[in-house]
Amino acid sequence: MTKKFTIKESTRKRCKIVQLTPEVQLLFRPVSLEHFSYLWEVPSIDFSLYIRVDSEMIEYLRPQEFSCELLEQIWMASLKEEAALDIFILKKEFPRFLHSLSAVRQKKIQNLIERDPSLDRKTLEAFSNLSEASQMILRGGITHAVAEHAKGSAAFMVKQLMDNELAMSTLSRMIQIDPTLYDHSASVSMFATIMAKQYINRKLPLKEAEMIAQCGLYHDTGKSCVPHSVLNKPGSFTTEEYEIMKSHVDHGHRELMEAITAGAPIDEIVAIVALEHHERFEGHGYPKGKKGRAEEDPANGIHVYARIVAIADAYSALLMKRVYKPALPAEKAIELLRLSAPRDFDLQIFEPFVKGVEGSLLKLEERKREMDKGRIFLSDSEVKIMDQIKAQEKGSQAGEMGKRPKAS
Ligand SMILES: [Fe+2]
Ligand SMILES: [Fe+2]
């Protein structure tokens with residue numbers, strides 16, 4: 001039986017509380033736990049954080065009250081399964097929130113490069129940009145402005161990465177160094193774009209590459225309709241929960257089609273991929289049990305972009321740390337994917353993808369070795385960073401870790 005989460009009397013006295021009507025709800029947008037956790041890294045905020053409990057919206061943390069203690073209270077409360085408590089922010093304050101996130105992300109990228117200078121900075125910057133777009137989609141719905149932003153981020157990434165041999169490995173490795181920086185849809189977008197180049201055409205036209213990047217960004221759009229308690233559930237789903245989870249493909253397709261009809265700059269193929277990315281090559285996926293290639297069987301086959309995104313999606317999910325599983329190193333993720341690949345994926349796409357990841361990891365190792373030998377030319381700022389790292393290695397490591405408690 002589910003316990004009810006009650007609001008303490010002291011909270012009622014301290015905070016402004018509004019009754020949640022459908023009109024009031026429209027003023028807010030939800031904040032993911034991942035992004036909430038970024039706030040441990042900021043010295044102050046210039047927006048309020050709200051928590052929703054049943055039909056009440058509580059202004060729990062105002063800028064003048066910002067403290068780690070209150071952040072921790074929200075964090076702990078939202079992890080309690082019985083709470084069904086979500087974190088919100090006023091829509092009009094969302095740009096300020098994004099600004100804070102972006103500053104933290106830049107700091108994190110800087111830290112990543114300091115910790116492993118062989119990682120590719122361009123990849124990390126394009127990733128950071130995509131990650132912002134992915135969160136806007138997942139947390140804010142698909143407005144015209146969000147779609148424009150997503151389109152721009154996809155185009156920027158394509159421009160930065162199309163000939164970058166280190167993109168795969170940098171992305172595959174970064175999560176081991178800083179799991180909090182990882183963003184599922186952003187990484188699916190990048191992996192899918194690189195894979196498309198390997199499979200469809202090494203000289204993939206820019207427009208096509210940008211569209212595949214958008215397919216990755218939007219593939220899980222429908223997850224905004226799945227409750228937190230199901231999305232973040234540790235352990236296995238009940239049959240009913242699994243059905244709710246599966247429904248994200250239909251929700252996503254519907255939401256995207258509505259946005260397209262309303263004039264958002266998104267191609268219809270993006271909506272098809274949101275619908276088909278859990279279809280499996282031998283027909284055991286959902287929602288329709290499609291099988292094979294749409295190029296060979298237009299009525300029953302799976303769209304080529306969806307077959308690509310399916311592999312990127314599965315690979316990214318394995319790399320990622322979740323409440324129900326640890327993050328896996330790239331080699332282990334590939335090993336696991338290989339087991340189910342012949343049934344799940346189009347091997348004509350999967351095999352070059354695996355070769356691509358392995359080749360890219362080798363390149364990164366090579367770059368590391370060359371850096372150690374001092375054979376790679378470094379810019380002044382990179383030399384400075386290397387010096388700092390060497391100094392750090394000599395000195396104490398104490399006090400290096402952040403102040404944020406871990407989610408699991
Ligand atoms: Fe999905
Ligand atoms: Fe996904």
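How many bridges pair strand 3 with strand 5, and in which sense do the two strands run? In this predicted model, strand 3 and strand 5 pair over three bridges, in the antiparallel sense. One of the pairs can be named: Tyr50 has Phe88 in strand 5 as its bridge partner. Strands of a sheet pair through backbone hydrogen bonds, either parallel or antiparallel.

The overall make-up of the chain comes next. The chain contains 18 helices and five strands. Its length is 408 residues, and 35% of them are buried. Among contacts with a separation of 6 or more, 72% link residues 24 or more positions apart.

Arg29 has Ile89 in strand 5 as its bridge partner. For Pro30, the partner in strand 5 is Phe88. Phe88 is likewise the bridge partner of Tyr50.

Strand 3 also holds Val53. Is Val53 buried or exposed? Around Val53, 20 other C-beta atoms lie within 10 Å. A residue counts as buried at 20 or more such atoms, so Val53 is buried. Val53 and Leu85 are 32 residues apart along the chain, yet their C-alpha atoms are separated by 5.5 Å.

Helix pairs were examined next. Two packed helices are described by the angle between their axes and the distance between the axes. Helix 7 (residues 144-161) packs with helix 9 (residues 184-199) at an angle of about 50 degrees. The axes of helix 7 and helix 9 are 11 Å apart. The two helices are therefore oblique to each other. Their crossing is right-handed. Helix 7 contributes Ala154, Met157, Val158 and Leu161 to the contact. Helix 9 contributes Ser189, Met190 and Thr193. By class, five of these residues are nonpolar, two are polar and none is charged.

A second pair joins helix 14 (residues 268-276) and helix 15 (residues 304-319). The axes of helix 14 and helix 15 come within 9 Å. They cross at roughly 50 degrees, which makes helix 14 oblique to helix 15. This crossing, too, is right-handed. Which residues make the contact? On helix 14 they are Ile269, Ile272, Val273 and Glu276. On helix 15 they are Tyr305, Ala306 and Val309. The contact of helix 14 with helix 15 has six nonpolar residues, no polar ones and one charged residue.

Conventions:
Residues numbered from 1 in each chain as written. Chains lettered and ligands numbered in written order. Predicted model: local features only at pLDDT ≥ 70, side-chain atom pairs only at ≥ 80, totals over all residues. Axes fitted to C-alpha atoms, helices over the stretch in contact; angles between N-to-C directions. Helix = DSSP H or I, 4+ residues; strand = E, 2+ residues; numbered from the N terminus. Parallel < 35°, antiparallel > 145°, perpendicular 65-115°, else oblique. Left-handed = near helix turned anticlockwise from the far one by under 90°. Contact = placed C-beta atoms within 7 Å. Nonpolar A, V, L, I, M, F, W, Y, C, P; charged D, E, K, R; others polar. Pairing = 2+ DSSP bridges. Buried ≥ 20, exposed ≤ 12 C-beta atoms within 10 Å, placed from the backbone.
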